Structure formats: C-alpha cells, structure tokens
Amino acid sequence: MEEGLSSDRGQSRISSPPEYLLRSACQANMSTNKGRILTTIDTSSKTHRAVICQELGKPLVTKAVPIPAVKNNEIQVDAQYCGINYADILRCLGKYQERSEPPFIPGCESAGTISDLGRDVTGFKKGDRVIALMRTGGYGEKVNARETMTFKLPDNVSCKDAVAAVASYGTAHMALVVRAKTQPSDIVLVSGAAGGVGLAAVEIATKVIGATVIALVGDDKKIALAKEMGATHVINHRKQDVRKEILAVTKKKGVDVFIDNVGGDMFKLGLRCIAFEGRIVCVGFASGSIPVIPANILLVKNISVLGIFWSNYEIKNYETFDMSVNTVLQLISEGKIKPFISAAYPFDKTNEAFKFILARKSTGK
C-alpha cells in the first residue's frame, strides 16, 4: 500500500476545510480493483488494530485491541475504508461540541462487509456491503454500529465513495433542503467551498436542486474545482471584494441562501450579502471563531439564521436522518453526484492525515 497521497482526479489540491479517507491496512492479503482495496482478515484473531486517542491533543496510537463484542442490536463490519471528518480532529483535540473522554477510538463513518450480527438484527446478513455510522469507534479494522445506523450500499456504489459522501453530502443535503428549503430559483452562497461539506453543498445545490451557486475559496488553485462541481461564480475572498462581486452577480439583490462552513469574519461578510428574507445555515466554524449575531440585522432584513448538526437528527428525528443518508446513496447510484476524493492514507498514517488536514492542504474528502 502506498505511503504517500493518492489522487482520484489528478494532483492533490490545496483546501479549506478538508476531510480525508483512511484505507484499512489489515494484516492480510491485499489487491486493488478499480480503486478499491480488498482485504482478507484472519477472523480467528481475538484482536484487531485500531487507532486510539489516549490523550486529548496528543498523537494518536495504532495498536491491537480486543475485538468489540456485538450487542443484540448491533452489526459488526470489516472496514475497508474509514472517513476522516474535521469533527473527528476536533474531538481528539477536546474542542468538539460533544466531548469524549480518552481513551477512545475516533471515527464516525466506515464502510465494508458485515462479518457478524446481533441476535435482534433482522434487516441484514453476513456479507452485505454497508456503510456504518457512529459517534466514535470508526478507526478500526472491526467496527460496530447499531442496525439503525447501518445502511446497505447499492451495487454500483463503492465503499470508498460511500465514506467520502455520506457525512459530508448528508450534512449539505440537510442544510440546503431541510433547513434552508432551497429552491431552483435561489442564489446560494457557499463558504469554504473547497472543503468536504462545501463541495458537497456546491454540487447538490447546482446538480440536484438546480440553484445558482456562488462559491467562496481562499486560493486560485481551488477555482477550477469549484466550477467543476457546479459553481457558476467563484470568488477568491483573499483577493477580491466579496460584497462588491456578489452585489454585481445578484444585481444588488444579495443571495437567498448562505451555507457557512467557516464562521468568524466570513459569517459577518455573508450577513452583509444576504437578501431580504434570506436564510443563513451555520454548518461549522472552520475559522475557529464563533460569530456573534447582531439581532437588529435579522429584524431589518427579515432573515433567518439556522443551524445544522446532522448527526443529532439520528437521535431527535430519525426519519429525516434516514432519508438523508439514503438520498445521498441513491444520488451517487444514479450518477447525479460524485464525491471528490483528494487523497487516501494507509491505516497507520492517521496522524499524518490529521496534520495534513490541519495545514489546510486538501480539497474535498
């Protein structure tokens, strides 16, 4: 397995905010088939390799740990790919909104083949290809997830594309469709448009909803990628007068929807560019700064500021969560969306992947 970066569409591009994939490097025979890593695991072993956060803010450790017992309502998956999300890094730094006490196995999405099932599981069988979602526990060769958090993959959807898409595109889809109720006639502004959720928002808004998208990026090297994913207009916020450009594109109306992945000054900028009765959806705060919202502007412009914490829907509104995941998988299967994967790291290079992400050197997943 390669030690460096692999690119699915040419060279790796610089990014913000990025997300990644991990390839499960099992103690097994490996072969490649159309970009997928096929693994054969010695199931007689009582341990499996996992990536452990032993202390917040410190390097992760890869080591053998006991294979987790499968509860009655759980499914165990032999992971082929694990997705790295920005939230995983924040959790390991102790800066995520949900705190995990060490030691714990980070990771919230893994895809592979079912190897074991709890006695109460009825909708799956051994050998099914699935994506498994969880709060933590995803960075392991053996991954457990509840039946309600496990989803069968369509035959033409790879494990790699599944982990690249479900969390990022699920968040973007819910932000645009459920929270902002975006219409084809809307003009959508996306900040952090070269990141995982940002690129997903660009693609869903344009290719699925049919809206017009203005993408905000911080480097000229990201412009082509944002356009490739569907953005009609791309603005380099480090070089251009963003408000002036937006008012020119919208004929002084402003944008109808603002999907903000960055927070801080970027949120303030978007607030100045929002149209009458516009909708702002706060997805994340990649800048590290949580904005304070002046309520008088909400009043004067009659605008709405909404939040999206995608994984919480699994607890609060499972029907909507289930719809979100299955919609994303169906859109991939139908060829309407294609997640951009800038790189895949070997399983034992998780720390290097984290560093690369924190240095803002990736695009997409």
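The model is predicted: local features need pLDDT of at least 70, side-chain atom pairs count only at pLDDT 80 or more, and totals for chains, interfaces and linings use all residues. Residues are numbered from 1 along each chain as its sequence is written, and side-chain values use heavy atoms, with hydrogens and water left out.

**Exercise 1. The whole chain**

Task: State how many helices and strands the protein chain has, and what share of its residues is buried.

Solution: 
- Step 1. Helices (H or I, at least four residues) and strands (E, at least two) are DSSP runs, numbered from the N terminus. The protein chain has 10 helices and 17 strands.
- Step 2. Buried means under 20% relative accessible area, exposed over 50%, and partly exposed in between (1.4 Å probe, protein chains only). Of the 365 residues, 54% are buried.
- Step 3. Contact means heavy atoms within 4.5 Å. Among contacts with a separation of 6 or more, 71% come from residues 24 or more positions apart.

**Exercise 2. The buried side of α1**

Task: Find which residues of α1 (86-93) are buried.

Solution: 
- Step 1. The buried residues are Asp88, Ile89, Arg91 and Cys92.
- Step 2. They lie on the same side of α1, because they cover an arc of only 160° around the axis. The arc is that of the directions from the helix axis to the C-beta atoms.
- Step 3. These buried residues pack against β6 (74-84) and α10 (350-358).
- Step 4. Gly94 follows α1, with a positive phi near 75°.

**Exercise 3. The buried side of α10**

Task: Find which residues of α10 are buried.

Solution: 
- Step 1. Thr350, Ala353, Phe354, Phe356 and Ile357 are buried in α10.
- Step 2. Their arc around the axis is only 165°, so they sit on the same side of α10.
- Step 3. Just after α10 comes Arg360, with a positive phi of about 60°.

**Exercise 4. α2 against α3**

Task: Describe how α2 (159-179) and α3 (196-209) pack.

Solution: 
- Step 1. Two packed helices are described by the angle between their axes and the distance between the axes. Axes are lines fitted to C-alpha atoms, for helices over the stretch in contact, and angles run from 0 to 180 degrees between N-to-C directions.
- Step 2. The angle between α2 and α3 is about 55°, and their axes are 8 Å apart.
- Step 3. α2 and α3 are therefore oblique to each other. Angles under 35 degrees count as roughly parallel, over 145 as roughly antiparallel, 65 to 115 as roughly perpendicular and the rest as oblique.
- Step 4. The crossing of α2 and α3 is right-handed. A crossing is right-handed if the near helix is turned clockwise from the far one by less than a right angle, and left-handed if anticlockwise.
- Step 5. Residues of α2 in this contact include Tyr169, His173 and Leu176, and those of α3 include Val197, Ala200 and Ile204.
- Step 6. The contact of α2 with α3 divides into 10 nonpolar, 4 polar and 1 charged residues. Ala, Val, Leu, Ile, Met, Phe, Trp, Tyr, Cys and Pro count as nonpolar, Asp, Glu, Lys and Arg as charged, and the others, Gly among them, as polar.

**Exercise 5. α2 against α9**

Task: Describe how α2 and α9 (318-333) cross.

Solution: 
- Step 1. The axes of α2 and α9 come within 8 Å and cross at roughly 120°.
- Step 2. That angle makes α2 oblique to α9.
- Step 3. The crossing of α2 and α9 is right-handed.
- Step 4. On α2, the contact includes Ala165, Tyr169 and His173; on α9, Phe321, Val325 and Leu329 are among the residues.
- Step 5. The residues of the contact of α2 with α9 divide into 12 nonpolar, 5 polar and 1 charged.

**Exercise 6. Loop residues**

Task: Decide whether Ala211, Ser342 and Lys181 are buried or exposed.

Solution: 
- Step 1. Ala211 lies in the loop between α3 and β12 (212-217). Its relative accessible area is 6%, so Ala211 is buried.
- Step 2. Ser342 is in the loop between α9 and β17 (344-346). At 1% relative accessibility, Ser342 is buried.
- Step 3. Lys181 is in the loop between α2 and β11 (187-190). At 53% relative accessibility, Lys181 is exposed. Phi of Lys181 is positive, near 50°.
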